[in-house]
Amino acid sequence: MEQSRVEAGPPESVRYRLTRRQGLLSVLPAAVVMPFQVLLWLDGGPIGPLCVSLLTWGVLVPMGLIVSRPFGVTLTPSAAVVHNLRRRTIPWSNVQGIRIESLFGSRTVAIYEAGGRRTRLRAPITGFLTWDRGFEEKFHTIGRWWLDHRGPDWAPVPPPGAWWGGPLAPDGNPYAPPA
């Protein structure tokens, strides 16, 4: 007998990685430069730049695709597991806020911790060339996981600047988005 999706309950974990298109974006510079290098070499130019382009296309681009593949975040009931060059686990009880931040024309999700540390996630991300249609939905899913799993004894902690008498935001919420 099949179990309906409603009866199945929420998933044990959710994983967000770079989309396939975002992963292939690293190939774009090599794909643009390579034909020009071949044409230059066929016209009697030096072979050195062509060798560099072949090395880039044949070795470095696939390595870049393999290395960037695991970047992202895994949402579990107890923590957000951030996959960057090193894996880091952020317990939901330690998270104070989740925001969208802009950096060089791209929008990323940032997790703010009680100690004042901010962690920008490498995925999900959206921008001009790295467009992700599901970015807003992924952001809201991350926020919902935090709200649902932070625990009943969670309490907001003032940011480190406010501990020493620093100014708070106008509405009293230091993690609120700027007005």
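**Ground rules.** I'm working from a predicted model, where local features need pLDDT of at least 70, side-chain atom pairs count only at pLDDT 80 or more, and totals for chains, interfaces and linings use all residues. Residues are numbered from 1 along each chain as its sequence is written, and side-chain values use heavy atoms, with hydrogens and water left out.

**Sheet.** I started with the strands, which like the helices are DSSP runs numbered from the N terminus (helices: H or I, at least four residues; strands: E, at least two). I found an open sheet of 3 strands in the order S5-S6-S7, with antiparallel pairing; two strands pair if DSSP finds at least two bridges between them. At the edges are S5 (95-103) and S7 (118-126), each pairing on one side only. From one strand to the next the twist averages 25 degrees.

I then looked at how S5 meets S6 (residues 106-113): 8 bridges join these antiparallel strands. Across that pairing, Arg-99 stands opposite Ala-110 in S6.

**Helix over the sheet.** H5 (residues 135-149) lies across S5, S6 and S7, at about 165 degrees to S5. For the angle, axes are lines fitted to C-alpha atoms, for helices over the stretch in contact, and angles run from 0 to 180 degrees between N-to-C directions; contact means heavy atoms within 4.5 Å.

**Loop check.** Ala-114 sits in the loop between S6 and S7. Buried or exposed, I wondered about Ala-114? Ala-114 is buried, because its relative accessible area is 13% (buried is under 20%, exposed over 50%, partly exposed in between, with a 1.4 Å probe and protein chains only). I also noted Ala-155, which is 41 residues from Ala-114 in sequence and 9.9 Å away in space, C-alpha to C-alpha.

**Salt bridges.** My rule was a side-chain nitrogen of Lys or Arg within 4 Å of a carboxyl oxygen of Asp or Glu. The count comes to 6 salt bridges.

- Arg-88 and Glu-113 meet at 2.2 Å, N to O. The pair links distant parts of the chain, with Arg-88 in S4 (residues 87-91) and Glu-113 in S6, 25 residues apart. Both Arg-88 and Glu-113 are buried.
- Arg-118 and Glu-101 meet at 3.8 Å, N to O. Arg-118 is in S7 and Glu-101 in S5, so this pair ties together parts 17 residues apart in sequence. Arg-118 is partly exposed at 41% relative accessible area, whereas Glu-101 is buried at 9%.
- Lys-138 bridges to Asp-132, with the closest N and O atoms 2.9 Å apart. Lys-138 counts as buried at 15% relative accessibility, and Asp-132 is buried at 9%.

I also wrote down a network of salt bridges that links Glu-101, Arg-118 and Arg-120.

**Rings.** How many aromatic pairs did I get? The count comes to 1 aromatic pair, with rings of Phe, Tyr and Trp (its six-membered ring) pairing if their centres lie within 6.5 Å; planes under 30 degrees apart count as stacked, over 60 as edge-to-face and the rest as tilted. The pair is Trp-146 with Trp-154, edge-to-face, at 5.7 Å centre to centre and 85 degrees between the planes. Trp-146 and Trp-154 are both buried.

Last, I checked charges over rings (NZ of Lys or CZ of Arg within 6 Å of the ring centre and within 35 degrees of the ring normal). The charged end of Arg-150 sits over the ring of Trp-146, 5.0 Å from its centre, and over the ring of Trp-154, 4.0 Å from its centre.
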